[in-house]
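Biologist: Hey, could you walk me through this one? I'm new to it and would like to look at it piece by piece.

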Amino acid sequence: MALFSASPPLHDPLAPPAGTDAGGTEVKCTTCYMCACRCGIRVHLRQGENGPEVRYIDGNPDHPINKGVICAKGSSGIMKQVSPARLTQPLRRKPGAERGAGEFEPISWEETFALLTERLGRIRATDPKKFALFTGRDQMQALTGLFARQFGTPNYAAHGGFCSVNMAAGMIYTVGGSFWEFGGPDLDQAKLFVMIGTAEDHHSNPLKIALSAFKRRGGRFISINPVRTGYSAIADEWIPIKPGTDGALFMALMHELIKHDRIDRPFLQRFTNAPQLVVLDEGEREGLFAFDPDPTKGPPGDGRHPHNKLVWDSVSGQVMAAYPEGIADGRSPALTGTYTLADGTRVAPAFQLLTQQVAQCTPEWAEKITGISASRIRALAVEIGDTALKQAFELPITWTDAWGKTHPTTIGRPVAFHAMRGLAAHSNGFQTVRSLAVMMSLLGTIDRPGGFRHKAPYPRHIVPNYRAFNDPEQVKPNTPLNAAPLGFPASPEELAIHPDGSPIRIDHAFSWEHPLSAHGLMHNVITNAVKADPYRLDTLMIFMANMAWNSTMNTMAVREMLNRRGEDGEYQIPFLVVCDAFQSEMVAYADLVLPDTTYLERHDVMSMLDRPISEFDGPVDSVRVPVVPPLGQCKPFQEVLIELASRLKFPAFTGAEGARKFKDYPDFVVNFQPQPGIGFLMGWRGENGTEHLRGAPNPKQWEMYEKNGCVFQYHLPETQQYMRNWNQAYLDFAKEKGWRQKNDPVQLAIYSDVLQGFRLAAQGKTTGRQPPEHLRERIDTYFDPLPFWYPPLEAACTDLDVYPLNAITQRPMAMYHSWDSQNAWLRQIHSHNYLHVNPVTALAAGIADGGWCWVESRWGQVRCMVRHSEAVEPGTVWTWNAIGKASGSWQLEAGADESRKGFLLNHLISEELPLTDGDGQAAGTVSNSDPITGQAGWYDVRVRIRPAAPEEPEETFPQVQAMPPAPGVLGRAQKVLTYFAGRKAR
Ligand code: SF4
């Protein structure tokens with residue numbers, strides 16, 4: 001039972017407080033940040049004793065994302081404001097106090113800035129890579145990334161590497177866009193919706209709204225997931241699947257779709273690289289596309305890859321340029337067969353190779369892996385294929401493609417898919433997501449009505465024209481990097497490695513260990529830094545990431561590492577700066593604590609330079625504006641970065657003669673332009689605010705957003721809303737507005753010559769960069785240019801007879817990450833979690849419903865309570881993520897449910913796995929991540945369960961020593977309980 005729930009009932013929140021009449025209520029629009037969906041909200045304010053106070057929050061009915069809908073989290077933002085866990089002043093670890101003991105003394109902001117300016121200035125002037133900035137689930141990576149680049153350190157990343165980079169990279173390297181922020185299912189026009197591996201978090205309110213309308217229209221909803229919760233509860237059919245096996249399902253579905261010709265052949269021929277000829281002969285061109293060396297052939301290069309590939313025209317029986325000859329009227333590029341070029345080179349269309357790749361992936365093969373019967377897989381293939389092809393429809397929308405052909409209508413393929421972390425958070429996730437994207441391409445559902453649709457600024461090139469920083473010589477004192485720390489590598493030459501192949505970055509991102517780690521590997525920063533692998537850091541700055549608890553694998557060991565000293569007696573990570581709004585578990589380990597504001601106290605942007613809130617029909621960006629003043633000395637992290645960047649005189653933040661360029665963060669947002677006319681916000685640009693998307697800075701831009709509900713929406717003409725990979729009018733428009741560098745088409749990558757380039761290097765067939773010997777086989781195995789399924793890496797190093805169960809987590813509807821356990825309202829929904837186990841599995845282990853059990857992996861064990869649930873497949877156990885808390889953190893009282901009954905699965909997951917070389921010999925360790933992208937393998941862990949002994953305490957294990965309250969922490973739960981009680985009790 002939550003301690004708060006024992007309180008007296010709250011008063012009517014809508015009743016005017018004593019001495020205030022209802023007319024005194026003021027309403028301000030801003031954007032929610034109780035999760036990452038970014039719904040528009042209206043904050044109702046009253047005048048309190050010390051200024052405006054939040055009285056009530058509801059959804060903004062005029063907002064395109066949520067149309068007035070608000071969830072439990074969103075409406076509970078009011079309790080975040082008065083959370084007892086709020087930090088209110090900068091803090092410094094007390095001299096002589098141990099890290100982790102949570103003993104601090106207050107320090108002023110001026111002292112804080114002086115200290116940081118001196119320390120960071122010294123690092124920047126000597127060896128900038130010794131400063132690392134890693135951020136959690138923030139929404140301002142365009143600023144944090146710029147800060148790191150200007151500082152001159154490659155050691156920067158946000159949370160994507162431990163969230164869903166496999167989803168982003170697997171889709172972007174295949175179709176040029178991804179789910180959620182950059183694309184999604186068109187449920188307005190779909191007839192069948194298949195959701196795979198999605199919990200109830202990403203795109204939460206918008207997806208609920210769309211699903212509700214979809215179901216009312218009679219749409220059929222199939223959920224494929226090991227667990228039936230959240231969205232799946234309203235699915236017409238739940239298909240349980242074993243975690244980490246989704247790729248096998250997609251491979252079998254592709255087998256069936258191809259075998260029974262339920263594929264969109266014209267789409268594949270014109271809009272994908274399926275007909276392009278791949279070299280079959282052994283050698284350094286093996287597995288790459290054959291091409292016409294004449295640079296004048298075909299349209300200009302698509303990203304880094306020219307459109308000069310070849311096809312076999314089955315009408316004339318000749319090889320010809322893929323574009324425009326190969327797709328001209330009267331031609332029919334072959335999808336199957338093998339051919340010989342004039343110079344004797346043997347070639348085959350990429351589709352032929354895909355057909356061979358899926359040939360053995362029968363439904364019977366997949367049944368053994370996924371647990372889904374072969375007959376159900378066959379029926380699913382028929383259903384998705386027939387829906388795409390036989391229920392196709394045409395919209396009277398004319399559009400012209402990149403080769404000048406005008407299409408009189410736009411074809412709809414009404415089968416839509418949606419997937420998220422359930423696919424991504426496995427060490428086979430990249431190839432799994434790629435197999436989904438290729439399957440969607442076979443069905444022709446990419447950016448078409450009823451299928452997957454992009455959101456601006458996507459689609460990007462394949463590969464996007466963002467190269468990650470990769471030159472160790474360019475890490476220089478007092479010098480910005482010559483490229484952003486994060487990006488999308490296209491070849492081994494773009495890896496961030498030294499000449500000997502060792503990583504440039506502390507997290508080993510973009511190294512041979514994880515070449516396409518587009519979002520970095522935050523989950524390995526602490527372990528690597530403590531090991532000085534590849535070098536020692538001086539200062540690690542962490543923003544909004546609870547690395548001492550739920551945001552890290554192997555939690556207890558990482559807590560020890562944060563506190564570990566070397567032989568010289570110094571901490572292995574010499575200086576830790578933590579910026580957080582609340583007293584999270586991580587705060588105790590800080591040397592310096594920067595108190596952040598809440599989302600209601602600051603400016604923020606959801607920018608086209610970063611992660612906007614675009615809709616299918618056009619770009620949308622939005623802002624947050626402060627609706628109440630910051631509490632105490634809290635300062636937005638954005639302001640901290642602007643201040644530091646100015647004091648450290650970063651070139652982008654400094655004008656002539658070293659004067660600071662930007663007064664503050666709002667000023668920076670208005671006036672910073674990465675390209676002429678392009679800024680953080682696209683609405684109301686130009687001196688008078690009359691230009692949109694592109695235009696000169698407008699000093700009144702914030703005012704305009706405030707007047708317009710904090711959102712700017714642009715509707716593309718209908719002729720530019722579909723087929724945007726190839727829609728010339730859209731491609732021209734997107735280039736003009738700065739969303740793309742070129743206006744040439746983006747052919748879908750059924751076959752990835754990018755991956756093949758890495759594989760050839762691993763096979764020693766190229767003359768360029770080669771992986772170190774111990775990683776050759778790893779690269780050769782996983783960089784298959786065609787999608788394939790392999791067991792998650794943890795399975796290979798675990799005795800599955802001993803640890804037969806999969807263990808996974810998901811986020812609950814009512815809490816986001818660890819953010820909400822201090823929220824008086826939301827605690828009443830979840831104050832602790834259970835391990836959910838199928839009754840068959842639990843009873844076989846002798847564990848009663850509500851009983852205590854031990855969950856053990858080869859890495860650790862936890863004790864927790866069990867709930868029997870038939871909504872989970874028998875080979876899987878699961879729990880809510882981040883409900884369990886360390887005692888005393890988040891200002892929870894000692895003995896609170898969160899620490900006594902709540903638990904984390906993180907204790908069972910290792911951040912590293914043993915690495916073996918090609919001969920099976922031990923070769924050290926490697927991150928427990930996808931070998932292609934570095935995505936954390938959160939959902940790969942294998943466990944066993946057994947009952948706890950009757951004499952054991954009814955308390956979760958492990959427990960940690962309670963944290964003391966930080967000086968100045970708001971505390972005073974009583975105030976929360978009496979918030980609506982006329983403020984009589986304090
Ligand atoms: S889904 Fe809920 S918590 Fe998330 S942004 Fe929307 S209202 Fe806020």
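This is a predicted model: local features need pLDDT of at least 70, side-chain atom pairs count only at pLDDT 80 or more; totals for chains, interfaces and linings use all residues.

Biologist: At what angle do the axes of α20 and α21 cross?

Modeller: At roughly 145 degrees, and the axes come within 8 Å. Helix α20 covers residues 753-762, while α21 covers residues 773-782.

Biologist: Which residues make the contact?

Modeller: From α20 you have F758, R759, A761 and A762. On the α21 side, R776, I779, D780 and T781 take part.

Biologist: And how do they divide into nonpolar, polar and charged?

Modeller: The contact of α20 with α21 has 4 nonpolar residues, 1 polar and 3 charged.

Biologist: OK, new topic. Which residues are around the ligand?

Modeller: The ones around the ligand are C32, M34, C35, C37, R38, C39, I70, C71, K73, G74, S204 and N205. By type, that shell splits into 7 nonpolar, 3 polar and 2 charged residues.

Biologist: Which helices supply at least two residues of that shell?

Modeller: Helices α1 (72-75) and α6 (204-216) each do.

Biologist: I was also looking at S76. Where does it lie?

Modeller: S76 is in the loop between α1 and α2 (77-81).

Biologist: Is S76 buried or exposed, and why?

Modeller: S76 counts as buried because its relative accessibility is 4%. Leaving aside residues up to four places away in sequence, S76 touches M34, N823, W825 and L826. M34 is also one of the residues around the ligand.

Biologist: Let's do sheets. What's the order of the strands in the open sheet of 3?

Modeller: The order is β1-β2-β3, with antiparallel pairing. β1 (26-31) and β3 (51-59) are the edge strands, each pairing on one side only. From one strand to the next, the twist averages 35 degrees.

Biologist: How many bridges are there between β1 and β2?

Modeller: There are 6, and β2 covers residues 40-48. As an example, V27 has H44 in β2 as its bridge partner.

Biologist: What about β16, which strands does it pair with?

Modeller: One partner is β12 (residues 277-279), which runs antiparallel to β16 (residues 346-349) and is joined to it by 3 bridges. Strand β15 (residues 339-340) also pairs with β16 in the antiparallel sense, over 2 bridges.

Biologist: How many residues sit between the strands in the hairpin of β15 and β16?

Modeller: There are 5 residues between them, and G344 in that hairpin has a positive phi near 90 degrees.

Biologist: Which residues other than glycine have a positive phi?

Modeller: Examples include D261, with phi near 55 degrees, and M544, at about 60 degrees. In general, most residues other than glycine have a negative phi.

Biologist: Where are they, and are they buried or exposed?

Modeller: D261 is in the loop between α7 (246-259) and α8 (265-271). With 40% relative accessibility, D261 counts as partly exposed. M544 is in the loop between β23 (539-543) and α15 (555-562), and M544 is buried, since its relative accessible area is 17%.

Biologist: Last one: where should I look for cis peptide bonds?

Modeller: Look at Y458 and P459, where omega is about 10 degrees, and at I462 and V463, where omega is about 5 degrees. P459 lies in the loop between β22 (452-454) and α14 (525-531), and V463 is also in the loop between β22 and α14.

Conventions. Residues are numbered from 1 along each chain as its sequence is written. Side-chain values use heavy atoms; hydrogens and water are left out. Two strands pair if DSSP finds at least two bridges between them. Helices (H or I, at least four residues) and strands (E, at least two) are DSSP runs, numbered from the N terminus. Axes are lines fitted to C-alpha atoms, for helices over the stretch in contact, and angles run from 0 to 180 degrees between N-to-C directions. Contact means heavy atoms within 4.5 Å. Ala, Val, Leu, Ile, Met, Phe, Trp, Tyr, Cys and Pro count as nonpolar, Asp, Glu, Lys and Arg as charged, and the others, Gly among them, as polar. A residue is near a molecule or strand if one of its heavy atoms lies within 4 Å of it. Buried means under 20% relative accessible area, exposed over 50%, partly exposed in between (1.4 Å probe, protein chains only).
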